[in-house]
Amino acid sequence: MGEPRSQQFDNIYYGLNLEAGVLKLAPIGLGWKTSGADSILTVSAEEFRRLQWLRVARNYQLRIQVKNGDVHKFDGFLKEDYETLRELSKVNYRMGLEVKELSIKGWNWGKTDFQGTQLLFNVSNKTMFEIPLSQVANTNLASRNEVSLEFMQPEQMDEDAQRGSAKPVHELVEMRFYIPGIVSVPLGEGDEGDITLQETEKKTNVEGAPEKPEGEDPEDEEVTEEMSAASVFHEIVKEKADLTQVSGEGIVLFSDILLLTPRGRYDIDMFSTFLRLRGKTYDYKIQYSTVMKLFLLPKMDDIHVMFVVGLDPPLRQGQTRYPFLVMQFTKDFEAEVELNLDKKIEKTYNNKLEEKYDTAQYEIVSTLFKVLTQRKVTIPGTYRSHHANSAIKCSMKANEGYLYPLEKCFLFIPKPPTFIPIQDIKSVTFSRVAGNTSSARTFDLKFNMNSGAETQFSSINREEYKNIEEWMKSKNIQTNDDMNEDSMFAYKALEELADSDEEEEVIPVTKRRGLPEPMDLDNEDESVDEDFVADESESDVAEEYDEEYRGSQTSSDDEKRVERPKKKLKASGKTELKSKSEDVDKESSSKGKEVETAASSRKGKEVEAISSSRKGKEVDRVSSSKKGKEPEKRKPGPKLPKS
């Protein structure tokens, strides 16, 4: 074994840094530094616990695990550096260099393990991948057996200052684990929610069922609680990723703040470089560097005030993105807050923060956001509505809200928050405000953007038209009035219908469709039959109802009178009736052309009325005139020949 010595390696990357540096291994420890950095990363040799060698994406990696559980990773070693590092570890640190094999099966099922701040996914007792829990921005139970991990965006990471030039990168943003089963977790003396990995591993077997050693006294058993394996995993990730509350380190904590977007009540814990947003389901860690815009806007009810925080990149809940946080405060609610400040924080922010605040809560929150994020808070400008408000009540699709015309933009809140910069507006179109639509109570507003996109707001009170139009003209925004012909015609027709008191002629359906008009039985005089010659003494009513009616007179002397048979006939009278009917037929046929023409011209009205149980209007008239009287029973008349 040789003497301890120092060795230097070039082009070595540390952790997730994109810039390579120089690594120097010495008997007292190690040091790493990039060419442009002033500070040096150092680790004492007394802290070394394990040295590992493994294959990674950037050639080979030297992994050093220290006693407090942290892991330092150095990438960029060549394959031939293995022998040199193994000798240095023996000589300088008196420990071996362990070769760690990785699983390359490509399976998506296995076991998870927590080592310090690392989450390991193992397949067949070999590590497939690792997740640094320090990069977990949020974790939540997506379902009963599913846990999702959301990672920080490249702009959110604390190591931005050490990364050198900001280059576009592609990084993982979310991962989900399906964890079935139920486990029994012992309840300690502390809070029931205090769950550690060691407790869970000791009390569960491979299948996730609790182990019961033989011969154990039931009274000595610890009190346990059954939880889903996914819930246990979720709690461990929150603990290891430092997503729970850290007491004594925050500047201030605001409890039970109402957020309209995303909907719910959250606790806001503000630190020097980030804030934590904690709800019943979701917990977020938001870097102040991601806050792009701040708005403090009064609500139209004069009771509430809304504070809007614009984020880039936006907040994520599954597939939903929230680029704006909309908080609502009661205007008259005052709070007394003491800040946990140290000299370093006061120096960083040039003594802009006070140690104690006793004023309206929305003023305290907006002041802290302004100082910690170093962003300007935008308030309403010169615009005033018809009722002297700073906003216009309107709707965006099916969502009601408020549109705020500000000095450099338009902002619609609360849902969905929509930001429209004035410089990106090509023109604004007003709908349903011109022509004959003076009776309309509302109008629409459409923004035509330079990119070709369109954003429309509807149900705006007509009283606001004059003020908003004048304000837009003062901002040199091109405005147009859009009124299509169909809408103008519809509104004009409605107005004419409302103002007109005259009755309009109703055109029958048959006439509108060009169909033949139905026959009117009431107006028999409308069509005159020129060929028909009737006797002056002839009467339709008499012919039909008079029992003494003898029929039309003929010039022949041998013409016989036809007697009407009685209503009730005996069996012997059937032959007589038949013979009389034959005589009537002969008599009708001898009448000649006049009777035949008359029967055909009248279209058989009398015959149809008798054969169809008096369906015509003549029968109705007679029956109505004799209403209340018992009609007389008449004998059936002779059958007339069909025309």
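## A walk from the inside out

Let's start with Arg 63, which counts as buried at 8% relative accessibility. Here, buried means under 20% relative accessible area, exposed means over 50%, and partly exposed covers what lies in between, using a 1.4 Å probe and protein chains only. Keep in mind that you're looking at a predicted model, where local features need pLDDT of at least 70 and side-chain atom pairs count only at pLDDT 80 or more, while totals for chains, interfaces and linings use all residues. Residues are numbered from 1 along each chain as its sequence is written, and side-chain values use heavy atoms, leaving out hydrogens and water.

What does Arg 63 pair up with? Arg 63 forms a salt bridge with Glu 130, and their closest N and O atoms are 2.3 Å apart. These two come from distant parts of the chain: Glu 130 sits in strand β11 (residues 126–132) and Arg 63 in strand β6 (residues 60–66), 67 residues apart. A salt bridge, by the way, is a side-chain nitrogen of Lys or Arg within 4 Å of a carboxyl oxygen of Asp or Glu. Strands (E, at least two residues) and helices (H or I, at least four) are DSSP runs, numbered from the N terminus.

Now look at Arg 316 and Glu 174, whose side chains meet in a salt bridge (3.1 Å, N to O). This pair, too, links distant parts of the chain, with Arg 316 in strand β22 (residues 304–317) and Glu 174 in strand β14, 142 residues apart. Arg 316 is buried, at 11% relative accessible area, and Glu 174 is buried as well, at 16%. Back at Arg 63, salt bridges with shared partners join Arg 63, Lys 73, Lys 100 and Glu 130 into one network.

Another buried residue is Gln 361, with a relative accessible area of 13%. You'll find Gln 361 in helix α5 (residues 361–373). Leaving aside residues up to four places away in sequence, Gln 361 touches Phe 254, Ile 257, Phe 329, Phe 333, Glu 334 and Ala 335, where a contact means heavy atoms within 4.5 Å.

Time to head for the outside. Lys 352 lies in the loop between α4 (343–348) and β25 (356–360), and at 55% relative accessibility it counts as exposed.

Finally, step back and take in the whole chain. There are 13 helices and 34 strands, and 38% of the 643 residues count as buried. By the salt-bridge rule above, the count comes to 18.
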